[in-house]
Amino acid sequence: MSASTAQTSTIATGFADPVIAAQANFHAAMTALSRPGTVTTLSAGLIAPEPLTAELAAVALTLADHETTLWLDPALAASAEVVAYLRFHTGVRIVAKPRDAAFALVVDLAGMPALSAFAQGTDEYPDRSTTIIAAVQSLDAGRHLELAGPGIAERASLSLDPWPSNLTAELAANRAQFPRGIDLVFVSAGRVAALPRTTSVSEG
Amino acid sequence: MNAAANAQSTGYNFAYLDEQTKRMIRRAILKAIAIPGYQVPFASREMPMPYGWGTGGVQVTAAIIGPDDVLKVIDQGSDDTTNAVSIRKFFAKTAGVETTTETKRATIIQTRHRIPERELTAKQTIVFQVPIPEPLRFLEPRETETRKLHALADYGLMHVKLYEDIARHGHIATTYDYPVEVAGRYVMNPSPTPKFDNPKMDMSPALQLFGAGREKRIYAVPPFTKVRSLDFEDHPFKVQTFDTPCALCGVENVYLDEVVLDDRGGRMFVCSDSDFCEERRAEGHRGELSGEEPAFLKTAPAVEGEAT
Amino acid sequence: MYVAVKGGEGAIDNAHALLAHERRGPTHIADLAPEQIESQLALAVDRVMAEGSLYDPALAALAIKQSRGDLIEAIFLVRAFRTTLPRFGASQPLDTSAMAIERRISATFKDLPGGQVLGPTFDYTHRLIDFMLAAGVAPPPPVEAPAETEPTPRVTDLLDGEGLIEAETATGNEDVGDLTRTPLDFPANRDLRLQALARGDEGFLLALGYSTQRGYGRTHPFVGEIRFGEVEAEFVPEELGFAVPLGPVAVTECQMVNQFHGSAEVPPQFTRGYGLVFGQSERKAMSMSLVDRALRTREFGEDVVAPAQDEEFVLSHCDNVQATGFVEHLKLPHYVDFQAELGLVRQMRTEYFARQEELKEAAE
């Protein structure tokens, strides 16, 4: 532990109570993925180095560890502080190619590679795919999306800002290759929502 | 409660599992939710109770439970069967959470073999203990083969099996663990619940999670998801019916347990869901035998029951 | 009553109290110390360590005491303890050629470097109940000799020198699989198969190994060598970058040498079946090496025709903690399912007798 004590002086701290925080964050992510369109509270409970947001960091610390792989978008990967923070708190293996990643952290949604660049899973193991966690400005303003599919009683909606123009069509293609596909989790200040691969998304 | 304080008092982490294991299970649960009905492999741990006794359900519950949750555990519909008591005690001890027998108060319900009669709500998660998660296992024992069949959505074997039943018996002869199709894609085992409970899974407001510890699989049905019991146009799916109402609370159209009262053919039928039955009796509902406590509820000599 | 509608908790507590009482037995007989188990029932301790996959003789001894001598229950206790332990990484491969040998025999050579060392063995004992043991008679001291200084190379290494046996394909620094961290998927690599077999039930592997000898997947085995003794376990901490000793572990290693006629790509040569278990258990190490070789069937372009060659069958059923849990779970109440089956059987009987009646009427 002597190495870690030396590093904590320069690396921002993680969760105050990791056990309880991880459970609460996981619960929020589980609710978001099982009820697409539902926006739930995500009290990050930590301070992350810029440009990593506290919510992105909270989800990463909740789900990633040395048994997982993580891809960072260029804005995040460019920050040595962000890389050091994630490696220190999770032990995650950071990979260069989106295709090798179990999780991807994205702060620049507009600049994100095509969904097809990430791991899609296989027909036999569709779970071996990337879950993208993207920070957005807002989860109730911006592009209005109509949602349908498992987890939704009849219809649901979600508004996201920003929303790259190509993403709706990409999500349709993603939906069409079910059971393979990408799951997306969106975080904004203190909140989380998700679009699993099962959700059909249309611009309303 | 404070997790560190809990760790000190029990010597184990909150809800027993270490955080590394919980993360691994949580990742599997999220994938399971995203791919309804697909069995996600997970690195199931040895638990302090035997494989086959709910280790999958216990691992799922341990991974999702938080300090504010209220836990209910049932086995065969009852909160007081030995294994349900044992699992409830395990979480009361290792997580310090509140436990309940009341379905409506629970936020997490871990179950073996039943779904409660009371409709579950969007605030609830039901966790099923699963012995054999693979619906095709008894038709094709090889994992390598069944995985391919799921990949191709080739469920011909299952339909042939059900159709052979019809050819031989005139009807489908599967009464529990009756296969379902989830969200129009994967065929899934609902775990050995009676087929009576299958319709409750369809478009349920609650999240349904399934844990198979020995077989190392987790799967899920998200809320409001289509769950269709496999059938044929000329042989539509039908649930069990009972000729008599519950002898204690008088309710009809629920799943009943047959209780043998003597060795001369005396029997009574009572609600399998013990909380549901108690609640009805508390509300003043009475069944045929509810004037007297039935023999199995007390230690006095057996009461002569009316044969049904 | 078994399905206590109320009071199940009290019944469970009472059952456990009774179990503790029965475990202790009559109090005029001395309580059994775990140290006695560790030293005097050492082979039971070895089995519990091997199948519990945790090298801790004192803990295994305590588990045996707690389980009242039910070794599968003791293995289960050790496994459930093991799963809570933090793991720091994988040790360096054990160098069994540097073993401090207690016993070493080869069936393939009459004599060889390092010699045949019988060591502590039941082999050649006459299986006559020894009533002197009941009388507590102290055994005579064993004969002592100076420690051997001659190296004891492995028989397979001797054969290897001539190219007569397949080369062991060490894959370097690749990650070694761990089926306790990643669920098995098939086909499994040999590292995972060997891990599963090392943890596998001794009786199950014994029966499978035996079946190969009786023609269900014959492998023409010879015991190249069995050796038992202590080996140093070493670990390379990331921050140091060099190996540090963790301490000695006692292991039994069996190298089975099997005949192989060769194929289009491979000249005729001997092939290997490998067994390695904690402690002294030649039966387990030998069975493991027979089954290991049988499971390599596909690798040698041979057909899978017997249970011992069937990877999914063997690996899915060799774990006795899984097996005992699932077999014994049948004790749990199943009355909801049984009710469903009762209804069905009654319905089918009604239909059957109605059909019989119709047939009778038609005949009349």
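A salt bridge is counted where a side-chain nitrogen of Lys or Arg lies within 4 Å of a carboxyl oxygen of Asp or Glu. In this predicted model, local features need pLDDT of at least 70 and side-chain atom pairs count only at pLDDT 80 or more, while totals for chains, interfaces and linings use all residues. Side-chain values use heavy atoms, with hydrogens and water left out.

Chain C is divided into domain 1 (8-82) and domain 2 (96-122 + 148-169 + 176-318), the bounds coming from an automatic or database domain assignment. The C-alpha centres of domain 1 of chain C and domain 2 of chain C are 29 Å apart, and 12 residues from domain 1 and 15 residues from domain 2 take part in the contact, for which heavy atoms must lie within 4.5 Å. Between them the two domains of chain C bury about 1,100 Å², of which 52% is on carbon and sulfur atoms; buried area here is the accessible area (1.4 Å probe) that two parts lose on being put together, summed over both. On the side of domain 1 of chain C, the residues that lose the most area to domain 2 are L43(C), E51(C) and Y55(C), which together account for 45% of what that side buries.

One salt bridge is counted between domain 1 of chain C and domain 2 of chain C, and the side chains of R47(C) and D201(C) meet in a salt bridge with an N to O distance of 3.0 Å.

Key. Residues are numbered from 1 along each chain as its sequence is written. Chains are lettered from A and ligands numbered from 1 in the order in which they are written.
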